[in-house]
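The sequence and the model are shown first.

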Amino acid sequence: MAKSRKKGKDKQPKTSLMTKLATELEVPSEILPGVFRIEIQETREATVDGCKGILEYKDERIKLKLSNKTVTFAGLNLELKTFTNERVIISGYIAGIDFSE
C-alpha cells in the first residue's frame with residue numbers, strides 16, 4: 001500500500017544542532033562555531049556576525065561567505081563600513097537578501 005503525503009504542510013527550515021544547543025544553554029548563538037547572525041536596520045544597514053570572507057564586493061552587490069552558506073545583499077550604494085573578526089557591517093540601500101548553499 002502506498003503511503004499518503006500530507007498536503008498543504010509547509011516544510012520548516014531545520015534548526016541546527018548548534019542553534020538548539022545555544023538555546024538550551026542560554027548563550028548567544030553567534031559565539032558558537034558555524035552559526036551566523038544577521039541584523040537588519042530598515043533598508044539602510046545590515047550587521048553580519050559569523051562572516052568567513054568576502055566573495056564579491058560591488059556597489060550594487062555584496063556576497064559573503066558564512067560557515068556553510070553564502071549570503072548576497074543586493075541594492076544601491078552598498079559599502080562595507082566594518083569588517084573585523086567575523087563581523088561585517090554593510091550600509092547603503094538594501095533591496096534584497098539571498099541565501100545559497
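Which residue in β2 stands opposite Gln 41? I found Glu 45 in that place.

**Basis of the entries.** I worked on a predicted model, in which local features need pLDDT of at least 70 and side-chain atom pairs count only at pLDDT 80 or more, while totals for chains, interfaces and linings use all residues. Residues are numbered from 1 along each chain as its sequence is written, and side-chain values use heavy atoms, with hydrogens and water left out.

**Sheet.** I looked up the strand order and noted an open sheet of six strands, β1-β2-β6-β5-β4-β3, with antiparallel pairing. Strands here are DSSP runs (E, at least two residues), numbered from the N terminus. Two strands pair if DSSP finds at least two bridges between them. β1 (37-41) and β3 (53-58) each have a single partner strand, so one side of each edge strand is left without a neighbour in the sheet. From one strand to the next, the twist averages 40 degrees; axes are lines fitted to C-alpha atoms, and angles run from 0 to 180 degrees between N-to-C directions.

**Strand pairs.** I then went through individual pairs.
- β1 and β2 (residues 45-49) run antiparallel and are joined by five bridges.
- β4 (residues 61-65) and β5 (residues 70-84) are also antiparallel, with five bridges; Ile 62 has Phe 73 in β5 as its bridge partner. Four residues lie between these two strands, which form a hairpin.
- β5 pairs with β6 (residues 87-100) over 12 bridges in the antiparallel sense, and Val 71 stands opposite Phe 99 in β6. This hairpin has two residues between its strands, and Asn 85 in the turn has a positive phi of about 35 degrees.

Glu 42 lies in the loop between β1 and β2 and is exposed at 73% relative accessibility. By definition, exposed means over 50% relative accessible area, buried under 20%, and partly exposed in between (1.4 Å probe, protein chains only). Asn 77, in strand β5, has a positive phi near 55 degrees and is exposed at 56%.

**Asp 49.** Is Asp 49 buried or exposed? I recorded Asp 49 as buried, because its relative accessible area is 10%. This residue of strand β2 makes a side-chain polar contact with the side chain of Arg 87 at 2.6 Å. A polar contact is a pair of N or O atoms within 3.5 Å; within protein, one must be able to donate a hydrogen and the other to accept it, and residues adjacent in sequence count only if both atoms are side-chain atoms.
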